[in-house]
Amino acid sequence: MHGGPAASPSTIKPINKGVVHRICAGQVILDLSSAVKELVENSLDAGATSIEVSLKDYGTESFQVIDNGCGISPHNFKVLTLKHHTSKLSDFPDLQSLATFGFRGEALSSLCALGDLMVETRTKNEQVATHLTFDRSGLLIAERNTARQVGTTVTVKKLFSTLPVRSKEFHRNIRKEYGKLITLLNAYALISKGVRIVCTNTAVRNAKSVVLKTQGSGSVKDNIITVFGMSTFTCLEPLKVCTSDGCTVEGFISKPGYGSGRNIGDRQYFFVNGRPVDMPKVGKLVNELYRGANSRQYPIAIMDFTIPPRAFDVNVTPDKRKIFLSDEGSILHSLREALEKIYSSNHASYAVNSFQEVFEEKHTSTHSQLEAFQFQSKQLLSDRDDTQEGDCIGELHKDGHYLKKPLKELKDTSVTGMLNDGNRREVRIFERLSQSTILNQQPLLRPLKMELSPEEEIVISIHNDTFRRNGFLLEEDLHAPPGHRFKLKAVPFSKNITFGVADVKELISILADSQEECSMMGTYKDDTADSLCPPRVRAMLASRACKSSIVIGDPLGRNEMQKILDNLSRLKSPWNCPHGRPTMRHLVDLRTVHKRIEADENETAL
């Protein structure tokens with residue numbers, strides 16, 4: 001290609017339809033969740049009131065969606081899985097009055113190209129059901145009678161087996177894919193009124209376990225309680241907003257105040273006419289306003305936007321998650337007004353750090369301003385007094401070392417800063433404690449039952465090693481109902497501090513918020529982004545380091561200051577103490593001051 005002879009013009013010719021089908025199939029079905037999503041939406045479009053998603057080995061071996069919908073008529077069998085064949089759309093203008101989830105006729109044909117697809121179906125007009133088998137191109141190759149109630153079962157085996165690279169990636173990240181699927185099913189479970197949704201998984205050499213189960217209630221409130229538990233629902237309050245052009249927003253939002261939100265924004269669900277969609281601008285608005293009432297957490301948000309079909313476009317991306325709204329500005333404005341009433345300053349819950357700034361008189365000369373900013377000589381480390389107490393001034397070098405400067409040399413220093421001896425020593429003690437502290441494990445006489453969401457249970461099952469290395473012993477009961485599978489049998493402790501259920505949930509939030517593969521070191525000893533531990537472990541070490549460090553009023557000699565500086569240069573994280581306070585204070589950029597002095601001198605000379 002590079003450096004070779006010039007290639008002759010190639011002939012443009014049409015791509016074989018079979019090749020086009022195989023290329024496009026991988027763009028329609030991206031992962032396990034998108035594959036199951038298409039089948040669940042087909043079931044909802046068929047009027048099903050009961051939908052069961054059954055996985056084998058988290059979906060790597062097979063998955064199937066079983067419903068009690070209207071079924072498929074025999075005259076549709078041969079065209080069921082042909083590309084761009086659908087009963088939901090006949091002409092382009094039909095998109096303006098779309099009332100179904102699907103409309104492109106791509107999902108089943110794509111699944112045929114990516115795995116082995118089989119369908120069992122029966123309508124109310126048929127005496128027996130029919131089992132259908134299709135080839136990779138979507139052609140019906142086998143048909144036989146079978147027994148089942150009215151409805152449809154779609155089974156897919158060995159998804160992505162026709163794409164070796166995709167298949168390898170799919171198997172490598174199957175637990176993460178499984179977690180994404182449960183999150184997606186939660187969205188349908190929350191919004192689907194009168195529909196019973198069940199998800200089960202049969203792992204290798206294990207019995208079938210129920211991961212998600214709703215009762216088919218007719219209200220979103222009951223669905224929230226079933227999926228997330230009563231403790232979550234008590235932290236929510238109803239929301240109803242009416243906007244222009246017949247648009248309404250209904251749902252639930254977190255109450256103001258700390259404790260009603262989540263440490264991560266993993267429970268924010270947005271729907272348009274019952275369809276789960278991504279609405280980044282709405283999410284940003286909700287988080288922004290909630291931060292005024294609870295600055296340390298993210299809100300739980302479940303909102304269904306009822307919008308006339310002509311006022312939005314869902315035909316944007318293959319997964320139909322991205323939408324365009326014709327009157328987005330008006331909807332956001334009305335939503336902002338409603339949320340501002342809920343999250344007004346009267347309900348605010350946040351901490352304010354008070355501080356004081358001292359300003360010189362406006363008519364003070366530039367020279368006197370500089371002298372005032374450099375403080376009195378008794379506060380600084382000077383060559384004439386080796387035992388002087390206080391902070392020292394220095395210049396930060398690129399290699400991380402801090403060079404001390406006498407006051408008389410400040411004019412040659414471009415950026416001047418002050419080091420806080422107490423915070424610097426606190427950092428050093430914290431890193432030493434991180435390396436030496438050992439968390440012991442305390443078995444519990446009576447295991448504690450944990451109430452968790454299905455996603456949280458999946459996080460524990462995926463990262464059980466991380467919990468074990470942090471001292472938590474969690475036992476799983478596969479036969480227990482969803483949300484009550486895990487029991488806490490042992491907890492870590494250090495001296496008189498014991499950790500518990502709250503720390504487990506904090507660690508779950510940290511692990512769930514990790515987008516990439518984490519190292520699962522399960523330790524605080526490296527003090528890096530990959531080191532995972534409950535926040536209270538870090539807080540405990542920070543508190544011990546704080547009590548052992550230098551405090552205001554402690555006298556320091558020149559040698560002690562030099563030792564602290566040397567230790568600081570060897571720390572991994574020298575910039576802040578464990579509580580977040582800076583170890584170095586930027587005082588002034590002397591280049592700016594010198595420019596002002598020169599400008600004043602030039603004006604005086606003129």
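This is a dialogue on how to read some features of a predicted model.

Student: What should I know about the model before I start?

Tutor: The model is predicted, so local features need pLDDT of at least 70 and side-chain atom pairs count only at pLDDT 80 or more, while totals for chains, interfaces and linings use all residues. Residues are numbered from 1 along each chain as its sequence is written, and side-chain values use heavy atoms, with hydrogens and water left out.

Student: How many helices and strands does the protein have?

Tutor: Helices (H or I, at least four residues) and strands (E, at least two) are DSSP runs, numbered from the N terminus. Here the protein has 17 helices and 23 strands.

Student: What share of the residues is buried?

Tutor: Buried means under 20% relative accessible area, exposed means over 50%, and partly exposed lies in between (1.4 Å probe, protein chains only). Of the 606 residues in the protein, 46% are buried. Accessible areas come from the Shrake-Rupley method with a 1.4 Å probe, and for residues only the protein chains shown count as cover. The accessible surface of the protein is about 33000 Å², and carbon and sulfur atoms hold 51% of that surface.

Student: What share of the contacts joins residues 24 or more positions apart?

Tutor: A contact means heavy atoms within 4.5 Å. Among contacts with a separation of 6 or more, 70% are between residues 24 or more positions apart. Ala480 and Val210 are 270 residues apart along the chain, and their C-alpha atoms are separated by 8.4 Å. Ala480 is in the loop between strand S20 (473–476) and strand S21 (486–494), and is buried because its relative accessible area is 12%. Asp503 and Phe472 are 31 residues apart in sequence, with 9.5 Å from C-alpha to C-alpha. Asp503 belongs to helix H14 (residues 501–513) and, at 5% relative accessibility, counts as buried.

Student: How many salt bridges does the structure hold?

Tutor: A salt bridge is a side-chain nitrogen of Lys or Arg within 4 Å of a carboxyl oxygen of Asp or Glu. The structure holds 16 salt bridges. One of them joins the side chains of Asp31 and Lys180, at 2.9 Å from N to O. This pair links distant parts of the chain, 149 residues apart: Asp31 is in the loop between helix H1 (17–28) and helix H2 (32–45), and Lys180 is in helix H5 (residues 174–191). Asp31 is buried at 12% relative accessible area, whereas Lys180 is partly exposed at 38%.

Student: Where do Arg336 and Glu340 lie?

Tutor: Both lie in helix H9 (residues 328–342), four residues apart, which is about one turn of the helix. Arg336 is partly exposed because its relative accessibility is 30%, and Glu340 is partly exposed because its relative accessible area is 38%.

Student: Which parts does the salt bridge of Arg485 and Glu457 tie together?

Tutor: The side chains of Arg485 and Glu457 meet at 3.9 Å, N to O. Arg485 is in the loop between S20 and S21 and Glu457 is in helix H12 (residues 454–462), so the pair ties together parts 28 residues apart in sequence. Arg485 and Glu457 are both buried.

Student: Which residues are linked in a network of salt bridges?

Tutor: The network links Lys37, Glu38, Glu41 and Lys320.

Student: What is the phi of Phe160?

Tutor: Most residues other than glycine have a negative phi. Phe160 has a positive phi, near 70 degrees. Phe160 is in the loop between strand S6 (151–157) and helix H4 (164–172), and counts as buried because its relative accessibility is 1%.
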